[in-house]
Structure formats: structure tokens, C-alpha cells
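Colleague: I would like to learn how to read a protein model feature by feature. Could you take me through one?

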Amino acid sequence: MLMQRNQAFDHAEVANEAITIGQQPLASVFRTAPTETVEAGKALCWEGDAVKHFFHVQQGVVRLHRIIGEGRRAVTGFHFAGDVIGAFLQDDFLFTAEAVTDCKVRRISRKSFHEEVVRSESLRPEYINLLCRETMAAHDQMVLLSKKNAEERLCSFIMTMANRRGTTQKGLLHIPMNRQDIADYLGMTIETVSRTISKLALRNVVASEGRHDLRILSFSRLQQLSGNADDFSAETCHRMSVH
């Protein structure tokens, strides 16, 4: 079960970083760079700035957002310990990256990063894999916003957070971003986010415990409600027909 597979939240960020450094050589490119502390609410980079540095998140959570018409904010993603920020092919940042919590990051120049990738046979496929994962994440977000209803969006987000950050043995999940961040990421209003959490609580799927904690009461039900469950099983596929 998911609850058995995940690390306890208290150790999730440390474990995640250790796994990333051990399995993804891209993290080794940043090892000689000094660690910088970025306070919550401070920006690492701004939308439209030239990409001069790439960032590796050592600790904390970073949100990516863009400003659209009339000053509205659209959160396009969140990065956690072990993630690389900015390693795409465009010359300018497509987003502003801000610290959700107090963060520790390392940065290296774009030129140095690319030189290391070119020199290393092991780094080249890892860089391609990183770009592929970012493309897949963009596709997932497109489906989330264009095809899923409010309940499916929120359940998908909670499932993703549980997979990334882990839960305690009792299913307690700490969500460091506030509900406005979640609303801006899911294309919803903050009222809809709160209302949907309340509905899920009434159905014994999750229980809200404070501003930043959710207790997941049923992982299987949460997955079903996310709209990601695989309906094409051996037991059901014979009932389908193609016209």
C-alpha cells in the first residue's frame, strides 16, 4: 500500500534528497557550489529574466508561477528537495520561482552546467530524462486543468503530494503551501478548494487537521476520485467494444 511505501514525513525531505543524489548524477554537478538560504516568500529568479544559473533544491519547497492578464497569478508547479530548477532550453525564465518555506539551494551557471553535461556520458541521458519529466509534468497539468473537475483536481494534487513527500504511519500528510497556492495551481478559487476538502471529509476520504495537515483516511478512494484509476483490467476489458 501507498502508506507502507512512503517514508514518514519527518524524514521525507532528507530521504528524497539522498535518493536523488544517489541515483541522479545531475545532482553531483551542484555539489561544489555553496549552499544558499532563501527565506519564505523570496524569489530565486523572475519571469522574463535571462537564464544565467540553474538551481538545485537542497531543502524546502519552491513554487513556480506566472502572471497573466490583470495581474492574476497562475502557479505552474512546485519543486522539492532534490529537484533542479531552470534546466530547460529557453534563454529566459518562463516563471518566477519563489520559496514557499525557508529553503536551502545551490546554484551553478548555465554555462558550467552544460559543459559538465557535454563532458560526461552519464550526465547526458540524465539531462534528457529531466527534460522528458518536465514535458510529462506539463502534459499532466494540461489534462488536470482542461479535463478534470474540482474534486478530481484536488484528489490528484493530494495523491501527488503523498507520493512526493510521504505520510506518517497514520496517514498524516503535511502540505506546506497554503490554500491560495493550491487554488492557483489547480485553477480553482480558494473557496472551492475549502469546499471540496469539506466534501471529501464528509465522505471519509481525508480529514483536515490544521492549516497545513491532511489525514488521508482512504488511499484507494482518493485514487479513484482523482480520475487516474486504471479501468482497463483483465476483468473489464472484454466488456468493451470498438465501433
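This is a predicted model: local features need pLDDT of at least 70, side-chain atom pairs count only at pLDDT 80 or more; totals for chains, interfaces and linings use all residues.

Colleague: Let us begin with the cores. Which residues have the most contacts inside the largest nonpolar core?

Modeller: The general idea is that in soluble globular proteins, nonpolar side chains tend to be buried together. In this model the largest nonpolar core has 31 residues. Those with the most contacts inside it are F157, I158, I175, M177, I182, L186 and L222.

Colleague: And which elements give two or more residues to this core?

Modeller: They are the helices α5 (150–165), α6 (179–186), α7 (190–202) and α8 (219–225), together with the strands β5 (72–79) and β11 (213–216). Of these, α5 gives the most, with seven residues.

Colleague: Let me zoom in on one residue. What does I158 touch, leaving out residues up to four places away in sequence?

Modeller: I158 reaches L173, V206, L214, I216 and L222. Apart from this core there is another, of 29 residues, and C45, V51, F93 and L123 are among them.

Colleague: Now helix packing. At what angle do α5 and α7 pack?

Modeller: In general, two packed helices are described by the angle between their axes and the distance between the axes. For α5 and α7 the angle is about 80°, and the axes are 10 Å apart. An angle of 65 to 115 degrees counts as roughly perpendicular, so α5 and α7 are roughly perpendicular to each other.

Colleague: Which residues make that contact?

Modeller: From α5 come A150, E151, L154 and C155, and from α7 come T192, V193, T196, I197 and L200. By type, the contact of α5 with α7 divides into six nonpolar residues, two polar and one charged.

Colleague: On to D181. Is D181 buried or exposed?

Modeller: Here we compare the relative accessible area with a cut-off: under 20% means buried. D181 sits in helix α6, and its relative accessible area is 2%, so D181 is buried.

Colleague: Which side chains are joined to that of D181 by a polar contact?

Modeller: Two arginines. The side chain of R63 is joined to that of D181 by a polar contact of 2.9 Å, and the side chain of R73 by one of 2.8 Å. Setting aside residues up to four places away in sequence, D181 touches V75, F78 and V100 as well as R63 and R73.

Colleague: Next, the backbone. What is the phi of E70, and what is that of N204?

Modeller: As a rule, most residues other than glycine have a negative phi. E70 has a positive phi of about 60° although it is not a glycine, and N204 also has a positive phi of about 60° without being a glycine.

Colleague: Where do E70 and N204 lie?

Modeller: E70 is in the loop between β4 (62–68) and β5, while N204 is in the loop between α7 and β10 (206–208). Exposed means over 50% relative accessible area. E70 has 82%, so E70 is exposed; N204 has 52%, so N204 is exposed too.

How values were computed
Residues are numbered from 1 along each chain as its sequence is written. Side-chain values use heavy atoms; hydrogens and water are left out. A nonpolar core is a set of buried Ala, Val, Leu, Ile, Met, Phe, Trp, Tyr and Cys residues joined through side-chain atoms within 4.5 Å. Buried means under 20% relative accessible area, exposed over 50%, partly exposed in between (1.4 Å probe, protein chains only). Helices (H or I, at least four residues) and strands (E, at least two) are DSSP runs, numbered from the N terminus. Contact means heavy atoms within 4.5 Å. Axes are lines fitted to C-alpha atoms, for helices over the stretch in contact, and angles run from 0 to 180 degrees between N-to-C directions. Angles under 35 degrees count as roughly parallel, over 145 as roughly antiparallel, 65 to 115 as roughly perpendicular and the rest as oblique. Ala, Val, Leu, Ile, Met, Phe, Trp, Tyr, Cys and Pro count as nonpolar, Asp, Glu, Lys and Arg as charged, and the others, Gly among them, as polar. A polar contact is a pair of N or O atoms within 3.5 Å; within protein, one must be able to donate a hydrogen and the other to accept it, and residues adjacent in sequence count only if both atoms are side-chain atoms.
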